[in-house]
Amino acid sequence: MTSLNDTKILVIEDEPDLRAGLQHNLELEGYQVETAADGREGLRKARDDRPTLILLDLMLPGLSGLDVLRQLRETGREMPVIIVSAKGQDRDKVQGLELGADDYLTKPFGLGELTARIRAVLRRTQAGARAGAGDRPAVAGVMQFPDLVVDWRRFTIVRDGNEIQLSRYEAEILRMLVEHRGEVVSRQDLLRKVWGYVHLPTTRTVDNHIARLRKKLERDVENPVHVVTVHGLGYRFESPLLEES
Ligand code: CA
């Protein structure tokens, strides 16, 4: 597990006073801090400097916070992101969570709230990354289903001979469904276990991630054979396990 002083936080914020204040206070808390003043610089530093966590303002010059997040996730960067929004940006906030942000803060926020959120997100995401290593022995290694191979160590699947990378959330959703294969898993359970402590306004976020997961897993997304919808209840992983190694 990463110790506190190995934890590098990238603060992407265009307001100079707020940026400097966040840097100062997070350094006092013992974190390493990098900063970026606009979206492009933020994206570049997120890719090159490999921060442990990103604090991402939504309203940025050049490239918006949502654009930064989208481009990070599209290129397989799965580091945790906490978005920072102004009051009245609820739609952007929801979109940010659907793009794979881990939590959000609304300005103005206090230092105590900020550090509590950072700790909670780090605890949750680091626990998720460790989960394959031992505390969930039911799902590990490589599992083969009809027309589908899942490699839990690398979060990849193989379908029709193509290897496809899963995002962290897609992998966590799939893991939970496969652990409970044959049973219905409710949206609420997925929200609680996969996202943990986040004030998600709606379970639609789960449905959107399931839709993205299906595009990767299913030959025909209109007639899924692996992850099926159980109307009014949730989702069920239906494929029989053929082989495990
Ligand atoms: Ca701003």
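Some ground rules: residues are numbered from 1 along each chain as its sequence is written, and side-chain values use heavy atoms, with hydrogens and water left out. As the model is predicted, local features need pLDDT of at least 70 and side-chain atom pairs count only at pLDDT 80 or more, while totals for chains, interfaces and linings use all residues.

I start with strand β3, residues 53-57. Helices here are DSSP runs of H or I with at least four residues, strands are runs of E with at least two, and both are numbered from the N terminus. Five of the five residues in β3 are buried; buried means under 20% relative accessible area, exposed means over 50%, and partly exposed lies in between, with a 1.4 Å probe and protein chains only. Leu53, Leu55 and Asp57 cover one side, Ile54 and Leu56 the other, and both sets are buried.

What does β3 pair with? Strand β1, residues 8-12, runs parallel to β3 and is joined to it by four bridges. Two strands pair if DSSP finds at least two bridges between them. Leucine 10 has isoleucine 54 of β3 as its bridge partner. Strand β4, residues 81-85, also pairs with β3 in the parallel sense, over four bridges, and there aspartate 57 stands opposite valine 84. With helix α3, residues 65-74, between them in the unit's listing, β3 and β4 make a right-handed β-α-β unit. Right-handed means that, with the strands pointing away from the viewer, the path from the first strand over the helix to the second runs clockwise.

Next, helix α2, residues 39-48, where Gly39, Gly42, Leu43, Lys45 and Ala46 are buried. Those buried residues pack against β1, β2, β3 and α3, contact being heavy atoms within 4.5 Å. At the N-terminal end, aspartate 38 caps α2 through a side-chain oxygen 3.0 Å from the backbone nitrogen of arginine 40. After α2 comes arginine 50, with a positive phi near 45°.

Aspartate 14 sits in the loop between β1 and α1 and aspartate 57 in β3, so the pair ties together parts 43 residues apart in sequence. Aspartate 14 is partly exposed at 28% relative accessible area, whereas aspartate 57 is buried at 3%.

Moving on, an open antiparallel sheet has three strands in the order β10-β12-β11. Its edge strands are β10 and β11, each pairing on one side only. Valine 185 has tyrosine 235 in β12 as its bridge partner. Helix α6, residues 168-179, lies across β10, β11 and β12 at about 70° to β12; axes are lines fitted to C-alpha atoms, for helices over the stretch in contact, and angles run from 0 to 180 degrees between N-to-C directions.

Last, glutamate 170, which is in α6. Is glutamate 170 buried or exposed? Glutamate 170 is buried, at 3% relative accessible area. Its side chain makes a polar contact of 2.7 Å with that of lysine 216. A polar contact is a pair of N or O atoms within 3.5 Å; within protein, one must be able to donate a hydrogen and the other to accept it, and residues adjacent in sequence count only if both atoms are side-chain atoms.
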